[in-house]
Amino acid sequence: MASVHTMSYEDRLDTWKDRWNRGAIGWHQSDINFALQNHSSKLLTKPKCRVLVPLCGKTVDLEWLYREGHTVVGIDGVEQGIIEFFSEHNLPHITEKLSWGKVFKTEDEKLKIYCCDIFKMDVQSLGKFDAVWDRGSLVAIYEEDRERYADLIKGLLAPEFCYLVNIIQYTPKGTFRGPPRNVPTKLVQELFGKKRRHNTITTAKWEGEAVDEWLKCRHDIQEDPGSRPTLHHKLGFFSHPLVA
């Protein structure tokens, strides 16, 4: 049974801000995500796509997609990561305040990152997307928010779309409940797969330096090493319905 959190959005955001302030961002990778690099041809089906990267942090995937000629939109709730992204990549940018957040954008406006509550953003102003790269959003969202998160993403999809999602699966042990949160394949299919093509591209045990860095910043695992779960990585792919 999924646990239910009564923490307010502001409190949840403070938790993530604290991690950024402490440098406890083990989920961040200095290289392009291996799944995106190996399977971009499935996600990016034309030379110039509109690509959404939800809860993007400062992932280098944003710049890679931008340099490849795509129009890229990121969304995150913590401003520090967005500022660091533009600074680390030496990208001149403009900052604009909105009634529901703030947007950081390159001068050509082909790369934008919105700093806001993802559930309160102006969906209409974002438009529709040909591709969604969910590299770490679904595994970070609280369990009780997953359905409205999925509804939000589905409302941003163009008629012909591709959606590539990283998910992590494990049997919770001890005090550890994520993030990364356990996301069963059946749940993903229920959230996104109805009337859509779906398949699992890869499945592998997730281990090595990347997972060590992610879990290193978890106080619960530091205090109770026995609660460290065995993580399994899956890469799911959805696309628009088959033509009858």
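Modeller: Among contacts (heavy atoms within 4.5 Å) between residues at least 6 apart in sequence, 71% join residues at least 24 apart. This is a predicted model: local features need pLDDT of at least 70, side-chain atom pairs count only at pLDDT 80 or more, and totals for chains, interfaces and linings use all residues. Residues are numbered from 1 along each chain as its sequence is written, and side-chain values use heavy atoms, with hydrogens and water left out.

The protein has nine helices and nine strands. These are DSSP runs, numbered from the N terminus: helices are H or I, at least four residues, and strands are E, at least two. Of the 244 residues, 51% count as buried. Buried means under 20% relative accessible area, exposed over 50%, partly exposed in between (1.4 Å probe, protein chains only).

Now the close look: arginine 135. Its place is the loop between β6 (129–134) and α6 (146–154). Arginine 135 counts as buried because its relative accessible area is 14%. Leaving aside neighbours within four places in sequence, its contacts are Trp27, Val53, Leu55, Cys56, Thr59, Asp61 and Asn166. At cysteine 56, the backbone oxygen lies 3.5 Å from a polar atom of the arginine 135 side chain. Leucine 36 is 99 residues from arginine 135 in sequence, yet the two are 8.4 Å apart in space, C-alpha to C-alpha.

One of the contacts listed for arginine 135 is Asn166. Strand β7 spans residues 157–169 and pairs with β9 in the antiparallel sense over eight bridges. Pairing takes at least two bridges found by DSSP. Tyrosine 163 stands opposite phenylalanine 238 in β9. Strand β9 (residues 231–239) is mostly covered, with eight of its nine residues buried.

Note on methods
Polar contact = N/O pair within 3.5 Å; in protein donor to acceptor, adjacent residues only side chain to side chain.
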